Amino acid sequence: MRTAALAAVMVTAACSAATARQAPAPQRAAADSTSKSTATVGLGGMSTPNADPFPSTYHPLPSKPTVIRNVTILTAAGPTIHGGALLLRDGKIAALGATVEAPSGALVIDGAGMYVTPGIIDIHSHVGGNAAPNDRGANTEDVNEATNPSTPYVWVEHSVWPQDPQLPRVLAGGVTTIQVLPGSANLIGGRSVVLKVVPSRSVQGMKFPGAKYGLKMACGENPKRVYAQRGPSTRMGNVAGYRTAWIQAEAYRRRWDKWNANPQGEPPARDLGMETLAEVLRGNILVHNHCYRADEMMQMIDIAKEFGYKIRAFHHGVEAYKIADVLAREGIGAAVWADWGGFKLEAADAVRANMALIDKAGAHTIVHSDDESGIQRLNQEAAKGVAAGSAIGVPVSEDEAIKWLTINPAWALDLDSKIGSIAVGKNADVVLWSGDPFSVYTRTEKVWIDGAMVFDRSDPAERWRTDFELGFVPAASTVGGNK
Amino acid sequence: MRRTTLLLALGTTVLVPLEIGAQTIAITGGKVFPVSGAPIDGGTVIIRDGKIVAVGAGLTVPAGAQQIDATGKWVTPGLVNASTILGLSEIGAIAGTNDASAQGRDNIAAAFQAADGLNPASVLLSATREDGITTVIVHPDRGLFAGQSAVIEIVDGSATSMIVKLSVAMVANLGDARAVGAGSRGEMLLRVREILDDARSYARRRADFERAQTRPFAASRLDLEALQPVLSGRLPLLVVVDKASDIEAALRIAREFGIRLIIGGGAEAWMVAGQLAAAQAAVLTGAMDNIPRNFNALGARQENAALLRAAGVAIALIGNAGGGGEDQFNVRNVRYEAGNAVAYGMSWTDALRAITLAPAEIFGVSDKLGALQAGRDANVVVWSGDPFEFSTRAEHVIVRGREYRDVSRQDLLAKRYKQLPPDYEHQP
C-alpha cells in the first residue's frame, strides 16, 4: 500500500532492455589512425568506430589485502567450496582454496556460517536515470526520450545522477555492476551504460573501464501505445520502424567504413543516431531487446539476421520459456523477473518456472530487476525461480542458480572474463552474506568492488550517503536481525 | 477428498456455491502454529463442516475422518494479505478488468463498496490460494474518500459466497493533496473536516435533507450515509499516508471526530510510533521499502514494521516493494514480506501474526478467521517447512474446511511448455 501511483511506473519503467557488448579498448576519436583527416575535420567531426568521448575516470577505491576464511563460497565457476578461503589483493581475487596464506597486514575475516558470492550484476536498471525522489516537479525521470519512436542518438549516461539515493541501496543489496538502460517507450531507445556502483562526482567516475555500450530496443505494447497518434500504432508498424532504421544504418556504415579505409576529401556527414546503429552492425555495441512475447522475440531474431547483428539478450522475456530451445540455439540470453506479470496483456503469461525452464534448455538465464526495489534483493528473486523449478520437477542447484545473478549477466555484458565468478585473477567484486543467499533471512554483510570494501553493514557510520540524503533523509540506526 | 470436489477445484470458473456436507478432516503430527496460542509440536487440527473444532496435542482422530499426515510439516492458519485488489483487477492495463476505484464526485466515493465488483472467475485467485493465502482484504484505491474495504475468503463459488464482510474499513487517501483535488495539505485536511462535519449534520437532519431544507452538503447523500459508521466508531478509517507529519494530522482528525484509525503505507510511521501506539492505531506496512522515493517518504526504511511492533503498534504486513503487481498478481508473496520483516528486526512469531491474526483483528473478523482455534473458519495450510522461506511449499491448502488442489493458469502454461516444442493437440 503505497501512495505513489503504481500504474505509471509499470507502464514506463517496466519495459526496456539494451546491453552493451565489449568493444576493443575504447579510444578517443582523435587518437584514431585518421590523423590527417582529423586535422582537416576537427575533433568531434568524424564517425569513428569505438569512439569514447566520455571516457571512464573510474579508479578503484583504496583497499588492503583481505582474507575471508572458513566460509562457504558459491563461485559461479564450479562446485561450492565449503569451509573455503579467498584472498583479495590489488583489486583481484589472488588466491582461492581450502586455506589461503594471509599476507602480513591483511584484514582477516572469519566467515563461519556465512557465504561468499561474486558481486551481483543487474543488466536491467534505470537507477540514476530515473532517480529518487520522483515527486511531480522533481524532474528526475530521464530515461524515456519519448519524442521520436527511434532515438538511437541518446546516451543514457547523460541522464545518470550520481547522487541518486537509490545507488547506495543497490550496493547494499550486493550489486556491484549495473547496466543502466534507456526506457522502453521507443523502438530504439538509445545507448546503455555499464557502471560500477560506487560513489563518484560524475558518471564517468562510475563507468566500467572497457565495457561495451549496449543498444536498447523495445517490442510490443509500449512503443505502439506511446506513439499511437503519430505511429507506430501497431505491431506491424513497430517492425517497419526497426527495419527502416537498420536500412539507414547499413547505408551509413558502408559510407563511413569506406571513408575510414581511405580518408580522402570531405568526410560523410556525421549522424549521432546512425553512428550508434552502425556500431551495432560492426559488432561493437550489444543489443538488449525488451520483448515480452515469444512470437515477437522470434520476429526480432529474424530482423537481426536480416541485418547481420546479434541480439545479446531479451529483457522482460516473460514468455522466454516458450522458446527457450530457440534462445539456446541462437545464443541469446533471457533476462527475466521471478514472478512479475499481469500488469498488461503481453505480461499475462508470466510463469514462475521461467528461469528454471530457460536454464534447462541450455540458454543463459539472467535475473534482472528493472526496479529500484527489486534490484536490492535479486538473490531472493533467484530463490523464487529455483523453488518454482523444483515445484514442476525442474530442479536447479544453488551452484547453477548463482550463475543467474553473476556470470550469466556478466556474459550478457561481454565482461565475463573480468567479473561474475570467484576465480583467481578476476576482479575482486565479492559479497559476504550472513547466510545462504537463497534464504529470505539472509542479508549482505560486506561488499567489495575491485578489492575495496565499499559496504559494511556492521559500520553504519561509514555507510555511503549521497548528497541528496544529507539532511533530507534521516540517518537510520540499525536494527539487528531477530530470527 | 472426494473426486467430484477435486474436479471442481480444478476449474476456478465454477459459479455454483458448493455445499460441502459433513466432512471431517484431521491434520496430525505437524508443528502447529495456532497463532492465538503457543505452538504445538506434534499437534492435531480437527476440522468439521468447514470449521475448526479442535486444536491440540494428543487429540483422538474422529472415526471416518480424512487424515492428513503432517509429520515434519508446519501447520498454520491460512495466510491473510491485508492489502490487495485481488479479484478487482485482472490485467492492469485493461481498464475493463479493473474495478478497484470509483469515479466519485469531487474525489469522494465513501459509499463505494469495492467488493461489489468482485470477479470470482479471476485466474489470480487459484494462483494466490495455491501458495497458502486463503484470505485477502480488498481496498478501493483512489480518491480522498475512496470507498470501503472488504474481507474475502478465496473459495470457489459466487462472489457472494467469497465475501466474509462487505465493509470493514473506510479508505481515505491523505498522502498527496494534489492527487485528491486540493492545493495543499491544509486545504485537503479542511475538506476532510468539512465532509465529516457535514456527515454529522446530515445524520441529525435527515428529514430536513429529504425536504431540501438543509444547506448544501459537501458530499452526496449516499456518501454522507456511508460515513456514519466511521463517525460512530464502528468502522475504522484507513488513512493511506506515508509522511510522519501527515500521520500526525490523521491522528488529530481521528481524535477530533472520535474515529478509529488505521494507517496504510506509513513509510515514516516509525518516527511517530509512540503516538500511534498511544492512539491504538494499527499500521499496514511492509519490510521491503527503503527508498526516499518522494518527499513524503524520505524516512522509508525496512525496519519500520519491527520498530512499530516494538513500540506496541498492531501491524499487518503487506507488500510494499512496489513492483510487479504485488496487490494482484503477486498477492501470494506476502509470506516473503514476513520473512524480510524478520530479517529486519521483527520476531518470527510477530511476523506470522502480522499475516494471520493481526489483520483479522484490525479488520474486525478475528472471530471468524486468522487463527487455528475452535469455531473459526477452517482455513489451514500445511507447509513443507518454514512458510517464510522460498524453498517451502504449501502442500495442503484448506479453506472453509475444503481442501483445494489448485492448478492455476500459470501452472497450465508451465506444464504445456515444459517440453519443447509444445504439444498443442493435447490438453496440458
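## Close-up views of a predicted two-chain model

**View 1. Where chain A and chain B meet.** The contact takes in 61 residues of chain B and 57 residues of chain A. Please keep in mind that this is a predicted model. On the side of chain B that touches chain A, two or more residues come from each of S10, S11, helix H10 (304-310), H11 and helix H14 (409-416) of chain B. H11(B) gives the most to this side, with five residues.

**View 2. The open sheet of chain B.** Eight strands of chain B form an open sheet with mixed pairing, in the order S6-S7-S8-S9-S10-S11-S12-S13. At its edges are strand S6 (79-84) and strand S13 (315-317) of chain B, each of which pairs on one side only. From one strand to the next, the twist averages 25°. Helix H11 (residues 334-343) of chain B packs on this sheet, where H11(B) touches S6, strand S7 (133-138) and S13 of chain B. The direction of H11(B) makes about 120° with that of S13(B).

View 3. Strand S10 (residues 237-241) and strand S11 (residues 261-265) of chain B run parallel and are joined by five bridges. To find your way along the pair, look for Val239(B), whose bridge partner in S11(B) is Ile263(B).

**View 4. Leu317(B) and the largest nonpolar core.** The largest nonpolar core has 283 residues, and those touching the most other members are Met170(B), Ile263(B), Leu317(B) and Ala341(B). In soluble globular proteins, nonpolar side chains tend to be buried together. Which residues surround Leu317(B), leaving aside its neighbours within four places in sequence? Leu317(B) is in contact with Gly286(B), Ala287(B), Ala305(B), Val334(B), Glu337(B), Ala338(B), Ala341(B), Ala351(B), Ala354(B) and Ile355(B).

View 5. Helix H7 (residues 294-307) of chain A has 14 residues and reaches 20 Å from its first C-alpha to its last, close to the 20 Å expected at 1.5 Å a residue. Its buried residues are Ala294(A), Glu296(A), Met297(A), Met300(A), Ile301(A) and Ala304(A). These residues lie on the same side of H7(A) because they cover an arc of only 155° around the axis. Strand S12 (286-290), strand S13 (311-315) and helix H8 (324-330) of chain A are among the elements that cover them. After H7(A) comes Gly308(A), with a positive phi near 80°.

**View 6. A hairpin in chain A.** Strand S3 (residues 81-89) and strand S4 (residues 92-97) of chain A pair in the antiparallel sense over five bridges. One pairing to look for is that of Leu86(A) with Leu96(A), its bridge partner in S4(A). Two residues sit between the strands of this hairpin, where Asp90(A) takes a positive phi near 55°.

**View 7. Ala85(A) and its surroundings.** Ala85(A) belongs to strand S3 of chain A. Is Ala85(A) buried or exposed? Ala85(A) counts as buried because it has 23 C-beta neighbours inside 10 Å, where 20 or more are required. Beyond its neighbours within four places in sequence, Ala85(A) is in contact with Val67(A), Ile68(A), Arg69(A), Val71(A), Gly97(A), Ala98(A), Thr99(A) and Val100(A). A distance of 9.3 Å separates the C-alpha atoms of Ala85(A) and Glu101(A), which are 16 residues apart along the chain.

Methods:
Residues numbered from 1 in each chain as written. Chains lettered and ligands numbered in written order. Predicted model: local features only at pLDDT ≥ 70, side-chain atom pairs only at ≥ 80, totals over all residues. Pairing = 2+ DSSP bridges. Helix = DSSP H or I, 4+ residues; strand = E, 2+ residues; numbered from the N terminus. Axes fitted to C-alpha atoms, helices over the stretch in contact; angles between N-to-C directions. Contact = placed C-beta atoms within 7 Å. Expected span 1.5 Å × (residues − 1). Buried ≥ 20, exposed ≤ 12 C-beta atoms within 10 Å, placed from the backbone. Arc of directions from axis to C-beta. Core = buried A, V, L, I, M, F, W, Y, C linked by C-beta atoms within 7 Å.
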